[in-house]
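Have the sequence and the model open as you read.

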Amino acid sequence: MTAFLSAPLPTPLGNTTAQRTARGSRLPSPHARRRMQRAAWRAAGPKFDDHVAVDARPESLVRESDAAAAGSAESSTGVMRVKFEEMVRKAQDSICKAIEEVEARYAKEHGEGLVGGTFREDAWVRENGGGGISRVLQDGAVFEKAGVNVSVVYGEMPPEAVKAASDRGVTRDVGYKPGESVPFFACGVSSVMHPKNPMAPTVHFNYRYFETDRGLWWFGGGTDLTPTYLFEDDAKHFHGTYKAACDRHDPEFYPKFKKWCDDYFMIGHRGERRGVGGIFFDDLNDRDQDKIFAFSTDCANSFVDAYVPIVEKRVRMDFNDKHKEWQQLRRGRYVEFNLVYDRGTVFGLKTGGRIESILMSLPLTARWEYDQKPEKDSPEDKCLQVLKNPKDWC
C-alpha cells in the first residue's frame, strides 16, 4: 500500500505538456469556435417544421432566462422583451374580443341561422425558445377571414436579410463580420382582416420589437386601410384616429409616418398603392426605449376605435355581383404586394417562420383578369385614382 501511494501518479492520456501544446496548435481559434457553434445552432435552429403545437397557450413565450433577468433589480436585460410580449398579448385579446362582438351583433340582427364567427386559436413553441399564438376567424358572418397573431422569435438574421436592412440605410450587423448571420430576438403582433362585404375595407396592422445579441434594438409597425370602394369619411376617420395617437407622442410622427406608409405599400409593377394608407414606421430607436414603447402601445390600442366603426357601418350596405368582382380583383393586388414586396412576409420565410401564420394575411379568394381596366369616372376608377395619387386626409 505504501509503495503504491509513493509511486508517481500516471499522467492522463494526452495531457502531458508536450501533448497539450501539440494539440493546441490544431484547435480552432476562439472566433472560429464561436462561428462553428453558430453554424451548428443554425443547422438545428429555426426551421419551417420545428414548431411544436401545445394544447394551452404558455404563460409566456420569452425564454426563462430573459424573464428572470427582467425581474432582477440588478439587470436591465430582457426587460423590454417581457414588456413587449405582455403588451402584444393584451392587444391580441382585446382586438379579438372586439371583432367577435362585431360578428355577434351582425348575426343577431340578421335572423335565425346566421352564427357570428369566433377565433380558432393555435399555440406553439420552439425548442430554442419563443413560439406563437395564432387566432384566425374564417367564414364568419362579417369576415371572410380575420387573423391576429402574436409571435416571439429567437433566431439568426441571414446575410441576405442583413443586406436588405442595410440597403435601407440602417445597420443591423454592428460587431459582426460582413456576410455573418446576426442572432436576434423579435416579438410582435400582426393582423389582417378581410370582410365579406366589398363596401367594408380590409385592414392590416403590425407592431414589433427587435434586438440583436449585441445590444442593438429598434421598433417598427403601423396600421393601414385597404378599401375596395372609397368612402372619404372612412379614410378621414381612420387617419384622424392615428394622427391623434401620433400627436400624443410627437407632432412630427404623423406626417412622417403617413408618407412612409404611402411609399411602403406601393405595388411597384402596378404603379399604385395597396390602399389608402395610415401610418408605417421602422428602425425607430432615436429616443428613450420606454417612450417608443408607449407610442407603439398607444397605436396598437387605437385599432378598435379606428376600424370597428367603419366596418360596422359598411357591412350593412347592399352590394351586387359587380361589386364583388371588383373586390376579388383588388384582393389580387393585395396578394401581389404581400408575396412580392412585404418585408414581414419575406423575413418570415427567410428565418424559418410558421407558414400558416405567415400566410394568414392572404384572403380566401382573389381574382386576376387579363388587362382589366375600370370604366372612367366609375366608383371603381375613383378608388383606383386615389391609390395612384395618395391624398392628405387630415
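A disulfide counts here as a pair of cysteine sulfur atoms within 2.5 Å. How many disulfides does a search of the whole structure find? The search turns up 0. Keep in mind that this is a predicted model. As for individual cysteines, Cys96 counts as buried because its relative accessibility is 5%, and Cys383 counts as buried because its value is 1%; the cut-off for buried is under 20%.

Now step back for the overall picture. The protein chain has 14 helices and 10 strands. Of its 394 residues, 49% are buried. Take the contacts between residues at least 6 apart in sequence: 72% of them join residues at least 24 apart.

What sits inside? In soluble globular proteins, nonpolar side chains tend to be buried together. Here, the largest nonpolar core has 66 residues, and the members that touch the most others are Phe143, Met193, Tyr207 and Phe219. Helix α5, which covers residues 79–109, gives the most to this core, with 12 residues. Let's zoom in on Phe143. Leaving aside residues up to four places away in sequence, Phe143 touches Ile99, Val102, Glu103, Leu137, Met193, His194, Pro195, Lys196, Tyr307 and Val311. There's also a second, separate core, made of 8 residues, with Tyr176, Ala186, Phe210 and Trp218 among them.

Helix α9 (residues 289–301) packs with α5 at an angle of about 10°, and the two axes lie 10 Å apart. Angles under 35 degrees count as roughly parallel, so that is how α5 and α9 run relative to each other. Which residues meet there? From α5 come Met80, Lys83, Phe84, Met87, Ala91 and Ile95, and on the α9 side they meet Gln289, Asp290, Phe293, Ser296, Thr297 and Ala300. Sorted by class, this contact has 7 nonpolar, 3 polar and 2 charged residues.

Our last stop is helix α14, residues 379–388. What covers the buried residues of α14? The cover includes β9 (272–273) and α11 (321–340).

How values were computed: Residues numbered from 1 in each chain as written. Predicted model: local features only at pLDDT ≥ 70, side-chain atom pairs only at ≥ 80, totals over all residues. Heavy atoms only, no water. Core = buried A, V, L, I, M, F, W, Y, C linked by side-chain atoms within 4.5 Å. Buried < 20%, exposed > 50% of the residue type's maximum accessible area, 1.4 Å probe, protein only. Helix = DSSP H or I, 4+ residues; strand = E, 2+ residues; numbered from the N terminus. Contact = heavy atoms within 4.5 Å. Axes fitted to C-alpha atoms, helices over the stretch in contact; angles between N-to-C directions. Parallel < 35°, antiparallel > 145°, perpendicular 65-115°, else oblique. Nonpolar A, V, L, I, M, F, W, Y, C, P; charged D, E, K, R; others polar.
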